[in-house]
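Work through the exercises below with the sequence and the three-dimensional model side by side. Try each task before you read its solution.

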Amino acid sequence: MDLFENTERTNLEQLGEFGLIDHLTKNFVIGKSTTFKGIGDDAAVLDAKDKKVLVSTDMLLEGIHFDLAYTPLKHLGYKSVQVNLSDIYAMNGIPEQITVSIGMSSKFPLEAIEELYEGIYLACEQYNIDLIGGDTTASKQGLVISVTVLGYADEKDITYRNTAEEGDLICVSGDLGGAYVGLQLLEREKLVYLENPQIQPDLEGKDYIVERQLKPEARRDVVDLLKSRGIKPTSMIDVSDGLASELLHICKQSNKGCNLYEEKIPIDPMTFETAREFGLDPTVCALSGGEDYELLFTIKQADYDKIKHDVDVSIIGYITEPNAGKNLISKGGSVHALTAQGWNAFT
């Protein structure tokens, strides 16, 4: 899909700020009934239609959250939307609108920003999202992307982190650790290239874990699945900072303990094998790697039969009373305190 027709390098000052915004957003079409007025005025106008409004914001900084040495701008645009949609799905809500603000240095021509918006457009199209506003500005620190997402849910459906109960089953969608191991692979190939630019990246057979890092998918399907089975999670969070960190968030905010079973943690064979190639423990990658954007949630034991046959949902432990501690049960049966070593934005 080509949204833009430019083939030559175009400096951004040729368009100016408002010309740039018009150019980048002209192909976005309003499709949600909750969008009363989109881009084109001082503010967007939304109609919540008796639902609660969910709002979340994420900022991605060049050199901190992404490396343009191996991150295609189209993938980056797509990912910047996905990481925000995931926050709304983690509340058991449905996202419908986003705003996108970007800061860019003079090294970026118009065509580069067009690539970024190609990815944003693709994410909006596939997940039925309206782009309703944002901002553009100059940046001396490289590329900055800030996305705000608005979602909606009936009050009775909203799921928080602080409502897990003793005896609840701990569940996670998909598989874990792939995004982190994919990042290690990309970093290795970057170093090889810097030492010898004549050597081409060796990513053959590693498509899955590379895509997990560069082009994650928010799990709208899991929210729909739970609703179709008549299951409301007792708590939920998305796995952005690693399984251990997210489970500890649920336990802390719910004032509960947990037993997490290592043998139950879902890890894709490619993730497992590649982690071993790097001398990494696949379980540690799943616990502390982050950026998988799967959904971690708890359900009542009475709902077990409704979900036990779904191959894309794994039951990995259960919630305990707080004095029982927060435990990882190893494959050998030994008990360890569950600790978080995931992403810290300030280290």
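**Exercise 1: Two asparagines in loops**

Asn92 lies in the loop between H2 and E4. The model in which you will look for this residue is a predicted one.

Solution. Most residues other than glycine have a negative phi.

For a second case, go to Asn255, which is placed in the loop between helix H7 (243–254) and strand E9 (257–261). Phi of Asn255 is positive too, near 55 degrees, but the relative accessibility of Asn255 is 53%, so Asn255 counts as exposed, the cut-off for exposed being over 50%.

**Exercise 2: The sheet of four strands**

Task: state in which order the four strands of the open sheet stand, and which strands are at its edges.

Solution. Reading across the sheet gives the order E3-E6-E4-E5, and the pairing is mixed. The edge strands are strand E3 (52–61) and strand E5 (130–138), each of which pairs on one side only. From one strand to the next, the twist averages 15 degrees.

Now look at a single pair within this sheet. Strand E4 (residues 94–104) and E5 run parallel and are joined by eight bridges; in one example, Thr99 has Gly133 in E5 as its bridge partner. Helix H3 (residues 110–127) packs on the sheet, where it touches E4, E5 and strand E6 (144–153), and the direction of H3 makes about 175 degrees with that of E4.

**Exercise 3: A serine and its surroundings**

Task: determine whether Ser80 is buried or exposed, and list which residues Ser80 touches, leaving out those up to four places away in sequence.

Solution. First locate the residue: Ser80 belongs to helix H2 (residues 73–89). Its relative accessibility is 1%, and therefore Ser80 counts as buried. Then collect the contacts: not counting residues up to four places away in sequence, Ser80 touches Leu60, Ile120, Ile145 and Val147. Finally, compare sequence with space, for Ser80 and Pro216 are 136 residues apart in sequence, while their C-alpha atoms are 9.6 Å apart.

**Exercise 4: The sheet of seven strands**

Task: give the order in which the seven strands of the other open sheet stand, and explain why one side of each edge strand has no neighbour in the sheet.

Solution. The order is E8-E10-E7-E11-E9-E12-E13, again with mixed pairing. At the edges stand E8 and strand E13 (335–337), and because each has a single partner strand, one side of each is left without a neighbour in the sheet. The twist in this sheet averages 25 degrees from one strand to the next.

Take the pairs one at a time. E8 pairs with strand E10 (residues 295–299) in the antiparallel sense over four bridges, and Ser235 has Thr298 in E10 as its bridge partner. Along strand E8 (residues 235–238), Ser235 and Ile237 point one way, Met236 and Asp238 point the other way, and all of them are buried. E9 and strand E12 (residues 326–329), by contrast, pair in the parallel sense over four bridges, with Cys258 opposite Lys326 in E12. Helix H6 (residues 220–228) packs on the sheet and touches strand E7 (169–173), E10 and strand E11 (313–320), and the direction of H6 makes about 15 degrees with that of E10.

**Exercise 5: The surface and the whole protein**

Task: name which residues make the nonpolar surface patch of about 330 Å², and then say how many helices and strands there are in the protein.

Solution. The patch is made by Leu191, Tyr193 and Leu194. Of these, Leu194 has its place in helix H4 (residues 178–195), and at 56% relative accessibility Leu194 counts as exposed. Stepping back to the whole, the protein has ten helices and 13 strands, and 52% of its 347 residues are buried. The protein exposes about 16800 Å², of which carbon and sulfur atoms supply 49%. Among contacts between residues at least 6 apart in sequence, 85% join residues at least 24 apart.

Technical notes. Residues are numbered from 1 along each chain as its sequence is written. This is a predicted model: local features need pLDDT of at least 70, side-chain atom pairs count only at pLDDT 80 or more; totals for chains, interfaces and linings use all residues. Side-chain values use heavy atoms; hydrogens and water are left out. Two strands pair if DSSP finds at least two bridges between them. Axes are lines fitted to C-alpha atoms, for helices over the stretch in contact, and angles run from 0 to 180 degrees between N-to-C directions. Contact means heavy atoms within 4.5 Å. Patches are made of residues with over 30% relative accessible area and no salt bridge: like charges are joined within 9 Å, nonpolar side chains (Val, Leu, Ile, Met, Phe, Trp, Tyr) within 5 Å. Accessible areas come from the Shrake-Rupley method with a 1.4 Å probe; for residues, only the protein chains shown count as cover. A salt bridge is a side-chain nitrogen of Lys or Arg within 4 Å of a carboxyl oxygen of Asp or Glu. Buried means under 20% relative accessible area, exposed over 50%, partly exposed in between (1.4 Å probe, protein chains only).
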